[in-house]
Amino acid sequence: MLNFGHTIGHAYESFRLAAGDAVSHGYAVALGMQIETRLARLSGCLEEVPYSDIMDTLHHVFGSAVLSGILCSELLHWMRFDKKNPDDRISFSLPDTIGSCVWDMYADPMVLSETLLSFNAIEG
């Protein structure tokens, strides 16, 4: 569970820092947890009920994640630097139920892009 939210969270944090608009690590990881929860659902490793429960809790505690004004390609660029990546693929720790994650999950690039776009990232 420790790495849950960190792949996208670190990418978002790095993007914002490079843009001169830093955010806290906690905020970035909370945003990453929401996005990675949807990625888990769209990838088929998380059923609807735990997905809804996790998302409801994250929204209640942290508000809704939004990636407005960020290109998908920018986030993908920063995700490639994550220490969990053993090669050219982007690795995630995705929830498979409440309180449990599956490590070393590799998302289909189309599903990853679809997920980022669903949080208002910009295609490209």
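Here is a walk through a pair of helices, a pair of strands and some salt bridges in this structure. Keep in mind that what you're looking at is a predicted model.

Let's start with the helices. Find helix α1, which covers residues 6–18, and then helix α4, which covers residues 72–79. Their axes come within 8 Å and cross at roughly 110°. Angles from 65 to 115 degrees count as roughly perpendicular, so α1 and α4 are roughly perpendicular to each other. If you like handedness, α1 passes α4 in a right-handed crossing. Which residues in α1 meet α4? They are Thr7, Ile8, Ala11, Tyr12, Ser14, Phe15 and Ala18. On the α4 side, look for Glu74, Leu75, Trp78 and Met79.

Next, slide along to the strands. Strand β1 takes up residues 91–97, and strand β2 takes up residues 100–106. The two run antiparallel, and five bridges join them. For one spot to look at, pick phenylalanine 92, whose bridge partner in β2 is methionine 105. Together β1 and β2 make a hairpin, with two residues sitting between them.

Now for the charged side chains. How many salt bridges does the count come to? The count is four, and we'll visit some of them here.

Another salt bridge joins the side chains of arginine 41 and glutamate 48, with 3.1 Å from N to O. Here arginine 41 is partly exposed at 28% relative accessibility, and glutamate 48 is partly exposed too, with a relative accessible area of 39%.

Finally, find lysine 84 and aspartate 82. These two form a salt bridge as well, with 2.8 Å between the closest N and O atoms.

Notes. Residues are numbered from 1 along each chain as its sequence is written. This is a predicted model: local features need pLDDT of at least 70, side-chain atom pairs count only at pLDDT 80 or more; totals for chains, interfaces and linings use all residues. Side-chain values use heavy atoms; hydrogens and water are left out. Buried means under 20% relative accessible area, exposed over 50%, partly exposed in between (1.4 Å probe, protein chains only). Two strands pair if DSSP finds at least two bridges between them. Helices (H or I, at least four residues) and strands (E, at least two) are DSSP runs, numbered from the N terminus. Axes are lines fitted to C-alpha atoms, for helices over the stretch in contact, and angles run from 0 to 180 degrees between N-to-C directions. Angles under 35 degrees count as roughly parallel, over 145 as roughly antiparallel, 65 to 115 as roughly perpendicular and the rest as oblique. A crossing is left-handed if the near helix is turned anticlockwise from the far one by less than a right angle, and right-handed if clockwise. Contact means heavy atoms within 4.5 Å.
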